[in-house]
Amino acid sequence: MFKDLDPILHSQLRLAVMSLLISVKEAEFIFLKEKTNATAGNLSVQIQKLKEAGYIDVIKQFKDNYPQTICKITTTGIRAFEEYVKNLQSYLTQK
Amino acid sequence: MENEEKLSQQDSLRLITMMINKAKESYHDTGIGAIMWGAVIAVCSLVRLSEVHFDYQLPFDIYLLTLVAIIPQIFISIKEKKERKVTSYDDPYLDYIWLGFGITIFLLIHISNNIFGEWGSWANEYRNVTGKQAPFRFGEYVSPLFLMLYGLPTFITGAACKFKPMLWGGIFCWICCIVAVYTAVKIDLLLTAASAVLAWLVPGVVMEKEYRLYKKEQAQLNV
């Protein structure tokens, strides 16, 4: 029996953000924007959704008088990502 | 990247792999610190070698240059930290390893200076009484101790960052450490200079080149 894939993660941009964040300790918003080639608006919306799901922490602060947004994956996020990959693998091996 | 595109299972796995690789490729050290320290240690060792070989003494200890080099290093570290858009899991550990290395080096300098002070007077007395040089020369064993320490953080950084020039540089320091135990002070100083060049200066130049290339690629992507 296949488990449903997490709808929060099964979206291109949110999955890309989570894959980047799982590999690093923390990353700036600008880094995520550069790597995903997404627009700032779209990326903000998707980051907000991940934050509401408790998958990432978003820290807003100032650096040299400019606003800076730092994103960090949470333990819940790591668990959800691992579960997502496990389910994905079970889909592919059963095919 | 649009969010609403339908994802197949294969697409998802491909996307995860691509993003993880992109994250891995984004770690780029400027290499400036490594270049500076490689050059400073090599210059100090070679100047000391010339002092020993040509039998002269500078009015100051050339190794004081290492203390002066701490000032630009602080500025380099602050600048690099400011420019860093992403922090890897290894970054804080590597920072602590290099900080610990710096502290250990200065402790070793302090200890060896104290031993020199105590042992020097004993060696002079031995020479006055017997008319011969003391059979044990502490100075012969100082360089291997430093080379042993140089190898440790260099090897760990090279292994953690999967950066072969530094990994081999660390191993080279340890090989020089073993050799320096059996060689005279002049050769020890030459080995120290060679280690500084191969463990820091050369990897630093490679890092700096890679960093410049990465910056150029990023600038082209953002046009």
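Of the 14 residues of H4(B), how many are buried? Keep that in mind as we walk through this predicted model.

**Stop 1: helix H4 of chain B.** Select residues 70–83 of chain B, which make up helix H4. From first C-alpha to last, H4(B) reaches 20 Å, close to the 20 Å expected at 1.5 Å a residue. Now for the opening question: the number of buried residues in H4(B) is 0, so this helix lies largely in the open.

**Stop 2: where the chains meet.** Next, show both chains. Chain A brings 26 residues to the contact and chain B brings 21 residues. On the side of chain B that touches chain A, the elements giving two or more residues are helix H1 (9–25) and strand S1 (86–87). H1(B) supplies the largest share, 10 residues. Colour this side of chain B by residue type and you will find 10 nonpolar, 5 polar and 6 charged residues.

Stop 3: Switch to a cartoon view and follow the open sheet of 4 strands, in the order S2(A)-S3(A)-S1(A)-S1(B), with antiparallel pairing. Its edge strands are S2 (56–63) of chain A and S1 of chain B, each pairing on one side only.

**Stop 4: A:Ala27.** Zoom in on S1(A), residues 26–28, which 2 bridges join to S1(B). Here A:Ala27 has B:Val86 as its bridge partner in S1(B). In S3(A), A:Ala27 stands opposite A:Cys71. S1(A) and S3(A) (residues 66–73) are paired over 2 bridges, in the antiparallel sense.

**Stop 5: a helix over the strands.** Finally, select residues 29–36 of chain A, helix H2. H2(A) lies across S1 and S3 of chain A together with S1 of chain B, and runs at about 80° to S1(A).

Terms used: Residues numbered from 1 in each chain as written. Chains lettered and ligands numbered in written order. Predicted model: local features only at pLDDT ≥ 70, side-chain atom pairs only at ≥ 80, totals over all residues. Expected span 1.5 Å × (residues − 1). Buried ≥ 20, exposed ≤ 12 C-beta atoms within 10 Å, placed from the backbone. Contact = placed C-beta atoms within 7 Å. Nonpolar A, V, L, I, M, F, W, Y, C, P; charged D, E, K, R; others polar. Pairing = 2+ DSSP bridges. Axes fitted to C-alpha atoms, helices over the stretch in contact; angles between N-to-C directions.
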